[in-house]
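Please keep the sequence and the 3D view open as you read.

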Amino acid sequence: MAKRFGSRPTADEVLEDIDLSGKTILVTGSGAGIGREAARALAAAGAHVILGCRTESSAEATVRAIEAACPCASLTPMALDLASFASIRRAVAALSVSRLDVLICNAGLHTPEFQTTEDGIELTVGVCHFGHFLLTLSLLERLRAAANARVVMVSSESHRFPRELRFDRFPLDEKRYQGLVAYGQAKLCNVLFANELTRRYASEGITANSLHPGSMIGTSIFRSSPAGKALAIALSPFTKTIAQGAATTVYCAAAPELAGVGGRYFSDCKEKRPSAFARDEAAAKKLWEMSEALVGRGP
Ligand SMILES: NC(=O)c1ccc[n+]([C@@H]2O[C@H](COP(=O)([O-])OP(=O)(O)OC[C@H]3O[C@@H](n4cnc5c(N)ncnc54)[C@H](OP(=O)(O)O)[C@@H]3O)[C@@H](O)[C@H]2O)c1
């Protein structure tokens, strides 16, 4: 029977009694915040964890930090800059594992200023959606090699704003850029992508879910927004800790009752209904086709 949790369990509490020995899990953006805590907790539960971090030095520093907390952890550092298609292709080509049980697409950012990826795409959706799209497609063979592989998309309740993805304004250009709109678009793409991935690959044993980790958790996501940072500090007594913020991520990655389950959205380790647009199958298909055209099929 599925275990029941209150609204704020920690990642370790969710993984209590779950043995992940023999599983290989890749976590993007695992150098900080929710990603690092999820990676630590999954490694402590016995998984071999590949730490996808923007730079090699951050990946190695993350290995040292997790090993200090969990000396038996089995970890592989991976330099993975999701703002560069070339870096994603290099990282996948260098990956020595032939089977991946879980891919956690956690990396994300929020920036008030317009910036672009190495490939000229608006940075927020470039990293959160297009980078993860290319990474996932490039890893399909390894995911197929696992029984009931899971892809976990760390989205946000911000996917509800904007109410729809206007393809004529996506990705945003510099003239129309608003940081919160770009962030909302990116998080909406995470839900649409998880749903479409499940529709396309569930028959091959790959399913994907998306999730909201909690709001205004005191990570570095607000680092380039002084107002956001101040609000996160002010609200911190009332919001989840990072350990609690990583709980729904590890729940989607490891809960036995979610084996073979996909196309769902979770919050507080429970299923929740995402926005109407996030459930729109035609939009998800359109986003997939557009993304495929933009990134190609990977290496
Ligand atoms: N904190 C919240 O309240 C909250 C709420 C809802 C959803 N979320 C989502 O939770 C996820 C984790 O965020 P967080 O709060 O833990 O923030 P965080 O501490 O800033 O962590 C974000 C991670 O993403 C990485 N990243 C950013 N750009 C990257 C790139 N180009 N290539 C590879 N990695 C990159 C960062 O690496 P660097 O440090 O090297 O930049 C960092 O490790 C995000 O997807 C975010 O949207 C957070």
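Predicted model: local features only at pLDDT ≥ 70, side-chain atom pairs only at ≥ 80, totals over all residues.

Residues are numbered from 1 along each chain as its sequence is written, and side-chain values use heavy atoms, with hydrogens and water left out.

**Around helix H5**

Let us start with Ile121, which sits in the loop between strand S4 (102–105) and helix H5 (123–138). Helices (H or I, at least four residues) and strands (E, at least two) are DSSP runs, numbered from the N terminus. Ile121 is buried, at 7% relative accessibility. Here buried means under 20% relative accessible area, exposed means over 50%, and partly exposed lies in between (1.4 Å probe, protein chains only). Setting aside residues up to four places away in sequence, Ile121 touches Phe85, Gln115, Thr116, Gly126, Phe130, Pro171 and Leu294, where contact means heavy atoms within 4.5 Å. Its C-alpha atom is separated by 8.7 Å from that of Leu172, 51 residues apart along the chain.

H5 is mostly covered, with 16 of its 16 residues buried. At the start of H5, a side-chain oxygen of Glu122 comes to within 2.8 Å of the backbone nitrogen of Thr124.

**A buried serine**

Which residues does Ser84 contact, leaving aside its neighbours within four places in sequence? They are Glu118 and Asp119. With Glu118, the side chain of Ser84 makes a polar contact of 3.1 Å. A polar contact is a pair of N or O atoms within 3.5 Å; within protein, one must be able to donate a hydrogen and the other to accept it, and residues adjacent in sequence count only if both atoms are side-chain atoms. Ser84 lies in the loop between strand S3 (74–79) and helix H4 (85–94), and is buried at 2% relative accessible area.

**Salt bridges**

A salt bridge is a side-chain nitrogen of Lys or Arg within 4 Å of a carboxyl oxygen of Asp or Glu. By this rule the count comes to 14. Among them are these:

| Pair | Closest N to O distance |
|---|---|
| Asp101 and Arg99 | 2.7 Å |
| Glu204 and Arg144 | 2.3 Å |

Glu204 is in the loop between helix H7 (179–201) and strand S6 (206–212), and Arg144 is in helix H6 (residues 140–144), so this pair ties together parts that are 60 residues apart in sequence. Glu204 is partly exposed at 35%, and Arg144 is partly exposed at 29%. Elsewhere, salt bridges that share partners join Glu196, Arg199, Arg200 and Glu281 into one network.

Arg40 and Glu37 are separated by about one helical turn because they are three residues apart in helix H2 (residues 33–44). Arg40 is buried at 17% relative accessibility, and Glu37 is buried at 15%. In the other pair, Asp101 is buried at 6%, whereas Arg99 is partly exposed at 30%.

**A nonpolar patch**

Finally, Leu231, Leu235 and Phe238 make a nonpolar surface patch of about 300 Å². Patches are made of residues with over 30% relative accessible area and no salt bridge; like charges are joined within 9 Å, and nonpolar side chains (Val, Leu, Ile, Met, Phe, Trp, Tyr) within 5 Å. Accessible areas come from the Shrake-Rupley method with a 1.4 Å probe, and for residues only the protein chains shown count as cover. Leu231 belongs to helix H8 (residues 226–235) and is partly exposed, at 44% relative accessible area.
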